[in-house]
Structure formats: C-alpha cells, structure tokens
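Subject: Structure handover and notes

Dear colleague,

I am passing on the structure below, together with notes on what was found in it. Please read the notes with the structure open beside them.

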Amino acid sequence: MKKIFYVIISLVLLSACGQSYEETKRLNRQQRREAMRKDSAALKIAVMPTLDCLPMYVAEYEQLYDTLNGGVRLKPFKAHIDCDTAIMRQRVEGTVSDLVRALRMEKRGTSLRYVAVTNGSWQLITNRNSRIHQLKQLDDKMIAMTRFSVTDMLSDMIVDSVKLRDEHVFRVQINDLDVRMQMLQNNEMDALFFSEPQATMARMAKNPVVLDTRKMDLQMGVLVFREKEMRRPERHKQLDLFVKAYNAACDSINKKGVKYYRNLVMEKCHVSSAVVDSLPKNLKYQHAIGPRQQDIDKAQKWLNKK
C-alpha cells in the first residue's frame, strides 16, 4: 500500500513539475512578445560611446523621455558603420552620424531627416613614438580612419593642404573605437582620428594632436532619422517629444557642466574619472537645429569626387 502511495505522490509531483515547466515556457513567450512589442513601439536611436551623444544619455538619465507614446530606446554601438547598417536595415529610426556618412546613406536610398547638429569634433592624434608633430610628417605613414566618413574627407584635406602624394599616406579602415584606441596604445598605428572623450584619453598619454576640427569652420556631426518613418503620425509625435527632451538635456548640461554627469560619462563612454576631469572646459550643446548649408555643400562636393 505504501508503494502505491509513493507512486501516486511521485506522479503528482512530476505532473506539477510538468505544468510548471509548460507554464514557464508560456510566460517566457508572452514576455518575449511583450518586449518585442514595446521595442517596436519605441523610438530607437543608434548611439556611440562619444560625447556628441551626451544629451541623449542625459535625457534618459533624467527621465525626460515621454513614456506614454512608446518612449525612446538608445541602442549602443562601437562603430559608426554599424549605426549606418542599423538605420538602413530599419532596425532603428535614428542615429548619430556625420554629414558625409548621412549624405552617402541618402545616395544609397535611405532618405533622412536632419534633426540636429551635434557638437561632434574630430582630432587627428599621432603616436608619440612616431615623433610626428606636423601634418607634413605624415608622408609614408598610416592613418586610422573610416572610409566614406568625415575622417576620410579630413584625410584628403590634409593631403591637399600640405601637398603630400595621395598614395604616400596609407589610410587604414579601423571602425571600432575600442580597437582604434588599443592600436594607439600598442604602437600599431602612426596617427588616428578620435572624438571626445577618446581624444582626451589619447592626449593624456602624451600623444600629440596635429589636427583639430574645433579650430576649423566645420560642423559635421548630425543626428538623423529615417524620413519615411517620421512621416507616420505616431512617429512624428514621438520625434517632437524627443526633441523637447533633447533640448532640455542640452540646457541641463550647459547649466551644470559635463562633469556634473561624471558617472554617466564614465558608464556610457567607458572612460575613467581622470579622463572626465581632463575634458575640454568649454563643451557646450545647442538645441536641435539642422546643419548649415555650407557644411552640406562641403560634404557633398567631396562625395561627388569619390
């Protein structure tokens, strides 16, 4: 009798476990579907671990994004080429970029809306062991850059400005920011393009700066969205709410200073506290406004030559 009792108890327990497993699977499916639904409804933006994305990070941190109309999801990448792929394949609605990249994406069939000019800047930093302190010393040297981007355009401008032979400046496509920094630290590259805060990190290691777009009349950083998607009423509303949050975040940064958001910069840009302390003191962020025609013309003129 006891054996029969134990068998019945075992069968009940097994049945309960089976139900629990099936119930868990059903809940997991429901959770996945709900997560996918929320992600689809959200305004998704591809971002980089760079300071031109700080207003978007701050808006998220300060909970400025609207949550009733789908909200905003920031999708982090380490290379602009991956951001390009994400927006062209409709995995995101917007991305941080530069004018050269954006115009080329449009040329390839992705119509874009230019929502904001970012404070993105680029510095060409040379390996201190290469002993390069002037642009003319780049003859027969390697430069880490990304093709069909503002860094590619700047490379051409350098060659023309100091009259170097184009074939004597070796441009190496290194897309990933972390890989680019590692190549500098391992003495594998003569010169490399960096934005902030990676540029500050490189300067702190006593690597010289031979070009800085902050000293040039160039505003090439942009925040763009897929035009077709933004024409949908619900997306248009999301974009309006996003711009309000973006502008409020810019105001907050300008008032409190970048260092006020020290921990956020460290987390999102993967840099140390010392790097944040050494950032340029005059970093300012402007409200969302489209690019200047003169910058569009420069980028378009360069692309037409390629």
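The expected span of a helix is 1.5 Å times one less than its number of residues, and helices (H or I, at least four residues) and strands (E, at least two) are DSSP runs, numbered from the N terminus. Please keep in mind that this is a predicted model, in which local features need pLDDT of at least 70 and side-chain atom pairs count only at pLDDT 80 or more, while totals for chains, interfaces and linings use all residues. Residues are numbered from 1 along each chain as its sequence is written, and side-chain values use heavy atoms, with hydrogens and water left out.

Of the contacts (heavy atoms within 4.5 Å) between residues at least 6 apart in sequence, 79% join residues at least 24 apart.

Helix H5 has 12 residues, and the distance from its first C-alpha to its last is 16 Å, close to the 16 Å expected at 1.5 Å a residue. Nine of those 12 residues are buried, so H5 is largely enclosed by the rest of the structure; among the buried ones are Val 150, Asp 152, Leu 154 and Ile 158. After H5 comes Lys 163, whose phi is positive, near 55 degrees.

Helix H12 (residues 293–305) has 13 residues, which should span 18 Å at 1.5 Å a residue, and this agrees with its end C-alpha atoms, which are 18 Å apart. Within H12, the residues Asp 295, Ala 299, Trp 302 and Leu 303 are buried. They cover an arc of only 100 degrees around the axis (taken from the directions from the helix axis to the C-beta atoms), which puts them on the same side of H12. On the other side of H12, Gln 293, Lys 301, Asn 304 and Lys 305 are exposed, whereas the buried residues of H12 pack against helix H4 (99–107) and helix H5 (150–161).

Arg 104 lies in helix H4 and, at 27% relative accessibility, counts as partly exposed. Not counting residues up to four places away in sequence, Arg 104 touches Phe 148 and Leu 303. Arg 104 and Ser 149 are 45 residues apart in sequence, yet 8.7 Å apart in space, C-alpha to C-alpha.

With best regards

Note on methods. Buried means under 20% relative accessible area, exposed over 50%, partly exposed in between (1.4 Å probe, protein chains only).
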